[in-house]
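This report goes through selected packing features of one protein chain. Please look over the sequence and the structure before reading on.

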Amino acid sequence: MRFEETYLNDNILDALYDMRFEECTPIQEKCIPEILDYHDVMGVAQTGTGKTAAYLLPILSMLDEDEYPKDAINCIIMSPTRELAQQIDQAMQGFGYYLDGISSVAVYGGNDGSRYDQEMRSLRMGADVVIATPGRLLSHIRMGNVDLSRVSFFVLDEADRMLDMGFYDDIMTIVKGLPQNRQTIMFSATMPDKIQTLARNILYKPVEVKIAVSKPAEKIKQSAFVCYDTQKLPILRHIFATEEQKRIIIFSGKKERVKEINRELQKMKVNCCSMHSDLTQQERDEVMYLFKSGQKDVLVATDIVARGIDIDDIRMVINYDVPHDAEDYVHRIGRTARADRDGVAITLVNPDDIRRFQQIEHFLEKEVIKTPLPDGLGDAPEYKSPERRKGPRGGGKRRGNRGGKQNGKNKQEKKNDNKQGRKKGNRRGNQSGKSKTGC
C-alpha cells in the first residue's frame with residue numbers, strides 16, 4: 001500500500017514524499033488506518049519493521065487537522081531508553097516538517113540542569129507531543145510540571161523492554177493521571193504474560209496487529225563457534241584477521257566483559273569503541289555518534305543497543321556470549337541485514353551455553369551452522385543435540401469514524417483533494433523510485 005492510499009493529510013504526505021517514502025511497511029499498512037479510526041492498538045513487531053512511523057504518522061495527521069487544545073499536552077510517547085527517545089524525536093522532526101504549530105519535546109535523564117529547565121518550560125506551556133522515558137517523566141510529574149488531564153494519545157513503544165527494565169509501576173502511575181477517553185497504542189516485540197496483563201489494564205477493546213513476530217531476517221547468515229571461554233578471544237582475532245573490520249557490533253551480556261573485549265581489540269589495532277551502563281549520557285551520545293558516523297568501525301556493547309537504535313548499515317553482529325533467551329538473540333542479530341542489505345551473525349557458544357543455544361535453535365526452527373575452530377586452537381567442546389521437545393508458544397470510547405464524512409467530504413473526496421494538492425506542489429522536484437520508511 002502507498003501512503004497516499006491512507007487517510008493521512010496533505011502536510012504529512014508532502015513530508016513523506018520529500019523524504020522519498022512512498023510505500024507502507026506491513027505494520028504501517030495495518031496500524032495507520034486503525035489509529036486514524038481512533039481504535040486502541042496492540043502491535044507486535046520487532047525493531048526495524050517501521051513501527052515508529054506506524055503510530056507517529058496518524059497521530060501527527062490528526063493533531064494537524066482536528067481541534068486539539070493548543071495549550072495542552074496532547075500526546076505522550078513512552079520510550080524505555082534515552083537513545084530510542086532521541087530516535088523518535090528525530091523522526092518527529094522529519095515527519096512534522098510541514099506541520100505549523102505542532103510542538104514536541106524529548107524528555108529523558110542524563111542531562112544537565114539547563115536541559116531540565118528547558119523540558120520544564122516546554123511541559124508547562126503544553127507541548128503537543130512529549131517523548132519521554134518513564135523515570136524522567138515521573139520526576140516532572142512529581143515536581144508539578146506536567147498536566148496529564150487533556151492527553152488524547154498515549155503510546156508505549158518497546159513495552160516489553162520497559163517491563164524488563166522494571167518500569168511497570170512507573171507506567172501505571174503515569175496511566176492513573178491520564179483521562180479515561182484517551183486513545184492508547186502499545187507496541188511490543190514479544191507477548192509474554194506480563195505484556196498481556198499490561199494490555200488488559202490500559203487498552204480499551206484494542207485491535208491486535210502482529211507482524212513477523214520474533215523471527216530474524218532471512219538475509220542474515222547465521223553461524224556459531226562452539227568453544228571454550230579461553231578460545232573466544234583467539235576466535236575474535238581470527239575473525240578480524242580474515243574479515244573486513246568495518247560496521248561490526250560485538251554484544252556481551254556483562255559490562256566488565258565489554259570493557260575487556262574493547263581493550264583486547266585495541267591491542268589488535270582495531271578501530272573500536274564500547275557502550276555500557278558505566279558511561280555517562282554524554283559519553284554514550286559521543287560513542288553512538290562516532291560509530292554511526294563511521295569514525296569508529298567496531299562497537300562493543302551490552303544489550304543497551306540491542307533494541308530500538310536505528311543503525312541501518314551494520315555488516316556483522318558477533319555474540320561474544322549466548323543471549324539469555326531467543327528474543328534477545330533475535331534483537332541482537334536484528335541490528336544487521338536491515339534496509340535490504342545482507343548481514344552476518346556469529347555466536348560464540350561455550351559448554352555452559354550449549355543448552356541455551358539449542359533452545360534458540362529450536363525457537364528459530366532451524367539448526368545454526370557450526371563453524372570449525374581455526375587451526376591451532378585445539379579441540380572444541382562436544383555439541384550434543386537436545387531431545388526433541390515442544391517449542392515455546394509462539395481506554396476510552398471510540399470517538400468517531402473516519403470512514404464517514406468529515407467537514408462535508410467523504411474519504412474518497414478527501415483523498416482526491418489530497419492527490420490534486422500534491423500534484424500542484426513542486427517541493428519534491430523530480431524524485432523517483434520507491435522507498436519504505438523503516439522508522
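The model is predicted.

**Helix 4**

Helix 4 spans residues 82–95, 14 residues in total. From its first C-alpha to its last it reaches 20 Å, close to the 20 Å expected at 1.5 Å a residue. The helix is mostly covered, with ten of the 14 residues buried. These are E83, L84, A85, Q86, Q87, I88, D89, A91, M92 and F95.

**Helix 6 and helix 8**

Two packed helices are described by the angle between their axes and the distance between the axes. For helix 6 (residues 134–142) and helix 8 (residues 168–176), the angle is about 45° and the axes lie 10 Å apart. Helix 6 is therefore oblique to helix 8. Their crossing is left-handed. On the helix 6 side the contact is made by P134, L137, L138 and I141, and on the helix 8 side by D170, T173 and I174. By class, this contact has five nonpolar residues, one polar and one charged.

| Residue | Location | Relative accessible area | Contacts |
|---|---|---|---|
| V146 | loop between helix 6 and strand 5 (153–156) | 15% | I73, L123, L137, H140 and I141 |
| S61 | helix 3 | 0% | Y7, L8, N9 and I12 |

Is V146 buried or exposed? With a relative accessible area of 15%, V146 falls under the 20% cut-off and so counts as buried. Among the residues that V146 touches are L137 and I141, and these two also belong to the helix 6 side of the contact with helix 8. The C-alpha atoms of V146 and I73 are separated by 8.2 Å, although the two residues are 73 residues apart along the chain.

S61, in helix 3, has a relative accessible area of 0% and is therefore buried. Its contacts include Y7 and I12.

Terms used:
Residues are numbered from 1 along each chain as its sequence is written. This is a predicted model: local features need pLDDT of at least 70, side-chain atom pairs count only at pLDDT 80 or more; totals for chains, interfaces and linings use all residues. Side-chain values use heavy atoms; hydrogens and water are left out. Axes are lines fitted to C-alpha atoms, for helices over the stretch in contact, and angles run from 0 to 180 degrees between N-to-C directions. Helices (H or I, at least four residues) and strands (E, at least two) are DSSP runs, numbered from the N terminus. Angles under 35 degrees count as roughly parallel, over 145 as roughly antiparallel, 65 to 115 as roughly perpendicular and the rest as oblique. A crossing is left-handed if the near helix is turned anticlockwise from the far one by less than a right angle, and right-handed if clockwise. Contact means heavy atoms within 4.5 Å. Ala, Val, Leu, Ile, Met, Phe, Trp, Tyr, Cys and Pro count as nonpolar, Asp, Glu, Lys and Arg as charged, and the others, Gly among them, as polar. The expected span of a helix is 1.5 Å times one less than its number of residues. Buried means under 20% relative accessible area, exposed over 50%, partly exposed in between (1.4 Å probe, protein chains only).
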